[in-house]
Amino acid sequence: MKRGSSPISDISGNHALLIQVELVVLSSCLVRMARSGPANKNDWKTEPMPEKCTIIELNQEYSRDRMETIKNGLIPEEMEDKWFIYYESSENKLYLHRSWTGYCIYIIRFEEREDKFVATTAEVNREPSQYSCTDDDEDKRTALIIVNTILRRGVRSVGVH
């Protein structure tokens, strides 16, 4: 990524527009929603990560405070809310599912290191019937944009009712 550019500006064509639209929807969802307790797998319909997947390197650091926000996840409230996100503490993994289908698109693995957490890798869906992107760099940017959108909003806890 060029200095001074945003992750979205490095993505081309329709995929960049789709990401921008999804971020607007995700942002409004985060602003609207608050509840007690983090999201968990049983809060939404989910499908497992298919066998056809790939692993990409992330190496993104987060403070302990920011990690607590990430661990709260996201539960969609409306049809326009495209992501269901939950953290599985026993595995140190953040699961990102499409809300309409329940398809698992990303599983982000975290490691605790001294005074911080590091998103080390992401397992990415490569099943064409579930997810059409095949560009590892685009998926890295998209996964981190979604996580960082949650953090920018400063939402401590998001979900349904």
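Helices (H or I, at least four residues) and strands (E, at least two) are DSSP runs, numbered from the N terminus. In this predicted model, local features need pLDDT of at least 70 and side-chain atom pairs count only at pLDDT 80 or more, while totals for chains, interfaces and linings use all residues. Residues are numbered from 1 along each chain as its sequence is written, and side-chain values use heavy atoms, with hydrogens and water left out. Five strands form an open antiparallel sheet in the order 1-5-4-3-2, where two strands pair if DSSP finds at least two bridges between them.

- From one strand to the next, the twist averages 20°; axes are lines fitted to C-alpha atoms, for helices over the stretch in contact, and angles run from 0 to 180 degrees between N-to-C directions.
- Helix 2 (residues 64-71) lies across strand 1, strand 2, strand 3, strand 4 and strand 5, and runs at about 130° to strand 1.
- Strand 3 (residues 93-98) pairs with strand 4 in the antiparallel sense over five bridges, and Leu 96 has Tyr 106 as its bridge partner in strand 4.

- Nine bridges pair strand 5 with strand 1 (residues 53-63) in the antiparallel sense; Ala 122 in strand 5 is the bridge partner of Ile 56.
- Strand 4 (residues 104-113) is joined to strand 5 by eight bridges, and the two run antiparallel; Phe 117 in strand 5 stands opposite Glu 112.
- Two residues separate strand 4 and strand 5 in a hairpin, and Glu 114 in the turn has a positive phi of about 50°.
- Strand 5 is largely enclosed by the rest of the structure because eight of its ten residues are buried (under 20% relative accessible area; exposed is over 50%, partly exposed in between; 1.4 Å probe, protein chains only).
- Thr 120 lies in strand 5 (residues 116-125) and is buried, with a relative accessible area of 7%.
- Leaving aside neighbours within four places in sequence, Thr 120 is in contact (heavy atoms within 4.5 Å) with residues including Ile 56, Leu 58, Arg 109 and Glu 111.

**Lys 45**

- Lys 45 is placed in the loop between helix 1 (13-32) and strand 1, and counts as partly exposed at 47% relative accessibility.
- Not counting residues up to four places away in sequence, Lys 45 touches Trp 100, Thr 101 and Gly 102.
- The side chain of Lys 45 reaches the backbone oxygen of Thr 101 at 3.3 Å, and a polar atom of that side chain lies 3.4 Å from the backbone oxygen of Trp 100.
- Lys 45 and Tyr 103 are 58 residues apart in sequence and 8.8 Å apart in space, C-alpha to C-alpha.

Terms used: A polar contact is a pair of N or O atoms within 3.5 Å; within protein, one must be able to donate a hydrogen and the other to accept it, and residues adjacent in sequence count only if both atoms are side-chain atoms.
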